[in-house]
Amino acid sequence: MVSPSSNLATLILLLSVSMAASASFEENFVQCLSFYSDKAASFYASIYTPQNASFNKILESSTQNLSGGHDYEGLSYVSEVETHFIIVDLSKLRAVNVDIEDNTAWIQVGATIGEVYYKIYEKSLVHGFPAGLCTILGVGGHITGGAYGSMMRKYGLGADNVLDARIVDANGQILDREAVGEDLFWAIRGGGGASFGILLWWK
Ligand SMILES: Cc1cc2nc3c(=O)[nH]c(=O)nc-3n(C[C@H](O)[C@H](O)[C@H](O)COP(=O)(O)OP(=O)(O)OC[C@H]3O[C@@H](n4cnc5c(N)ncnc54)[C@H](O)[C@@H]3O)c2cc1C
């Protein structure tokens, strides 16, 4: 014999099962946290889902200085020369065009290395690029300094894997590998690009 109270309990159970089925995985996860932890509210802001965040938002949440400045000596944003100088903000040059069939990508220098890894991953689960570990490094300065990382032993540096580039010289001309010549092309892959011009793209 079923008592009225057990009927009620069954109804509540059924309701909660159907609510759980209609709730998204993310909602269930948050509910589960609140149920099992009295401190859950304090880390809600750290829960990212496709509903409340994009890849860039998550990436930028770990960035302390969004205007660049990974250079250890501060060369990208200070000057000891007592004349005026300008800072060129490259952060809007962010295109990453991956051509998986060709095993190549054209990357604008304002993209971060994390964005590059992510765009490659979007196209293929078996491709990658051998560069740094810190995903918020800018591709511009990073590759001009070599770009070592966890795939270095097998594939070399990021700079070893550069096929071409676009660089603006002091006369405002945009040059490619052929136009700059092999000596300068060698120099910008390890010698610090800022001594020679402003890189716009790496291939
Ligand atoms: C937290 C942290 C982690 C790091 N991890 C690694 C790592 O794993 N592997 C590794 O190899 N290195 C690593 N580095 C070093 C890093 O690669 C260099 O500091 C690199 O120069 C950063 O480049 P950026 O464009 O992010 O920085 P920025 O400070 O913007 O630029 C650095 C230098 O490059 C020049 N530069 C920048 N963009 C251009 C451009 N488009 N054309 C010409 N010159 C340009 C700037 O003038 C400046 O001299 C790390 C650095 C930090 C701070």
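Q: What kind of model is it, and what pLDDT do local features need?
A: It is a predicted model, in which local features need pLDDT of at least 70, side-chain atom pairs count only at pLDDT 80 or more, and totals for chains, interfaces and linings use all residues. Residues are numbered from 1 along each chain as its sequence is written, and side-chain values use heavy atoms, with hydrogens and water left out.

Q: What is the mean pLDDT of the chain?
A: The mean is 82, and 82% of the residues of the protein chain reach 70 or more. pLDDT is the predictor's confidence in each residue, from 0 to 100.

Q: Where does pLDDT stay under 50?
A: Over residues 1–20, for which the model has 2 contacts beyond four places in sequence. A contact means heavy atoms within 4.5 Å.

Q: OK, fold. How many helices and strands are there?
A: The protein chain has 8 helices and 5 strands. These are DSSP runs numbered from the N terminus: helices are H or I with at least four residues, strands are E with at least two. From the N terminus on, the order is α-α-α-β-β-α-α-α-β-β-α-α-β.

Q: And how much of the chain is buried?
A: Of its 203 residues, 28% count as buried. Buried is under 20% relative accessible area, exposed is over 50%, and partly exposed is in between (1.4 Å probe, protein chains only). Among contacts between residues at least 6 apart in sequence, 47% join residues at least 24 apart.

Q: What area does the chain expose?
A: About 14200 Å², with carbon and sulfur atoms supplying 59% of it. Accessible areas come from the Shrake-Rupley method with a 1.4 Å probe, and for residues only the protein chains shown count as cover.

Q: Which residues make the nonpolar patch?
A: Tyr77, Val78, Phe85 and Ile87 make a nonpolar surface patch of about 400 Å². Patches are made of residues with over 30% relative accessible area and no salt bridge; like charges are joined within 9 Å, nonpolar side chains (Val, Leu, Ile, Met, Phe, Trp, Tyr) within 5 Å. Tyr77 sits in the loop between helix 3 (55–61) and strand 1 (96–99), and its relative accessibility of 39% counts as partly exposed.

Q: Switching to charges. How many salt bridges?
A: The count comes to 3. A salt bridge here is a side-chain nitrogen of Lys or Arg within 4 Å of a carboxyl oxygen of Asp or Glu.

Q: Which parts of the chain does the one between Glu115 and Arg94 link?
A: That salt bridge is 2.9 Å, N to O. It links distant parts of the chain, with Glu115 in helix 4 and Arg94 in the loop between helix 3 and strand 1, 21 residues apart. Glu115 is buried at 6% relative accessibility, whereas Arg94 is partly exposed at 31%.

Q: And the others?
A: Asp164 pairs with Arg166, the closest N and O atoms being 3.7 Å apart. Asp164 is buried at 16%, while Arg166 is partly exposed at 26%. Glu182 and Arg177 meet at 2.9 Å, N to O.

Q: How many aromatic pairs?
A: There are 3. Phe35 and Tyr36 form an edge-to-face pair, 5.0 Å centre to centre with 85° between the planes. Rings of Phe, Tyr and Trp (its six-membered ring) pair if their centres lie within 6.5 Å; planes under 30 degrees apart count as stacked, over 60 as edge-to-face and the rest as tilted. Phe35 is exposed at 67%, and Tyr36 is exposed at 66%.

Q: What about Tyr118 and Tyr121, how are the planes set?
A: That pair is tilted, 6.0 Å centre to centre with 40° between the planes. Tyr118 and Tyr121 are 3 residues apart in helix 4 (residues 113–123), so about one helical turn separates them.
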